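Work through the exercises below with the sequence and the coordinates open. Each task is followed by a solution in steps.

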Amino acid sequence: MDEQVAALMRANLHEVFGQRDPQARDDAAGRTYTDDVVFADEDGAVTGRKALVARASGLLGSVPADFAFTEDGPVYEGTGTAALA
């Protein structure tokens, strides 16, 4: 497992999708992803850092204020892809 990939997946979960402060979320996304990132989940795929940040913002807006993401398994890495359970 590439530790850099694992760190990126954890940053995505905790610093981007788990961050409620919009500026801190934007800053984390800027450190974590390129402008042309492709993010896919069960709701479909979005392309671009702004779209990814919007997805995170929308998700956080739909859950209680005390909701927190947790890691539920290992990071999976494939050729050009990665996922965190």
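This is a predicted model: local features need pLDDT of at least 70, side-chain atom pairs count only at pLDDT 80 or more; totals for chains, interfaces and linings use all residues.

**Exercise 1. The buried face of helix 2**

Task: Determine which residues of helix 2 are buried and what covers them.

Solution: 
- Step 1. Helix 2 spans residues 22–32, and its buried residues are Arg25, Ala28, Ala29 and Thr32.
- Step 2. These residues lie on the same side of helix 2, because the arc they cover around the axis is only 100°.
- Step 3. The cover over these buried residues includes helix 1 (3–17) and helix 3 (49–61).
- Step 4. At the start of helix 2, the backbone nitrogen of glutamine 23 has a side-chain oxygen of aspartate 21 within 3.2 Å.

**Exercise 2. Length and sides of helix 3**

Solution: 

**Exercise 3. The largest nonpolar core**

Task: State how many residues the largest nonpolar core has and which of them touch the most other members, then say which helix gives the most to this core.

Solution: 
- Step 1. In soluble globular proteins, nonpolar side chains tend to be buried together.
- Step 2. The largest nonpolar core in this model has 15 residues.
- Step 3. The members that touch the most other members are Met9, Val16, Phe17, Tyr33, Phe39, Leu52 and Val75.
- Step 4. At least two residues of this core come from each of helix 1, helix 2 and helix 3.
- Step 5. Helix 1 gives the most to this core, with five residues.
- Step 6. Leaving out residues up to four places away in sequence, phenylalanine 17 touches Asn12, Phe39, Leu52, Arg55, Ala56, Leu59, Leu60 and Phe69.

**Exercise 4. Asparagine 12**

Task: Decide whether asparagine 12 is buried or exposed, and list what asparagine 12 touches.

Solution: 
- Step 1. Asparagine 12 is placed in helix 1.
- Step 2. Its relative accessibility is 10%. Buried means under 20%, so asparagine 12 counts as buried.
- Step 3. Not counting residues up to four places away in sequence, asparagine 12 touches Phe17, Thr32, Tyr33, Phe39 and Leu52.
- Step 4. Asparagine 12 and tyrosine 33 are 21 residues apart along the chain, and their C-alpha atoms are separated by 8.8 Å.

**Exercise 5. Salt bridges**

Task: Give the count of salt bridges, and for three of them, including the pair of glutamate 15 and arginine 31, find the closest N and O atoms and the exposure of the partners.

Solution: 
- Step 1. The count comes to four salt bridges, with a side-chain nitrogen within 4 Å of a carboxyl oxygen as the cut-off.
- Step 2. Glutamate 15 and arginine 31 form a salt bridge in which the closest N and O atoms are 3.1 Å apart. The pair links helix 1, which holds glutamate 15, to helix 2, which holds arginine 31, across 16 residues.
- Step 3. Glutamate 15 has a relative accessible area of 34% and is partly exposed, whereas arginine 31, at 58%, counts as exposed.
- Step 4. In the salt bridge of aspartate 35 with arginine 49, the closest N and O atoms are 2.4 Å apart. Aspartate 35 is in the loop between helix 2 and strand 1, and arginine 49, 14 residues apart from it, is in helix 3.
- Step 5. Aspartate 35 is exposed, at 57%, and arginine 49 is partly exposed, at 23%.
- Step 6. Arginine 55 and aspartate 41 meet through their side chains in a salt bridge of 2.6 Å, N to O. This pair joins helix 3, with arginine 55, to strand 1, with aspartate 41, and the two are 14 residues apart.
- Step 7. Beyond residues up to four places away in sequence, arginine 55 touches Phe17, Phe39, Asp41, Asp43, Gly44, Ala45 and Val46.

Notes. Residues are numbered from 1 along each chain as its sequence is written. Side-chain values use heavy atoms; hydrogens and water are left out. Buried means under 20% relative accessible area, exposed over 50%, partly exposed in between (1.4 Å probe, protein chains only). Helices (H or I, at least four residues) and strands (E, at least two) are DSSP runs, numbered from the N terminus. The arc is that of the directions from the helix axis to the C-beta atoms. Contact means heavy atoms within 4.5 Å. A polar contact is a pair of N or O atoms within 3.5 Å; within protein, one must be able to donate a hydrogen and the other to accept it, and residues adjacent in sequence count only if both atoms are side-chain atoms. A nonpolar core is a set of buried Ala, Val, Leu, Ile, Met, Phe, Trp, Tyr and Cys residues joined through side-chain atoms within 4.5 Å.
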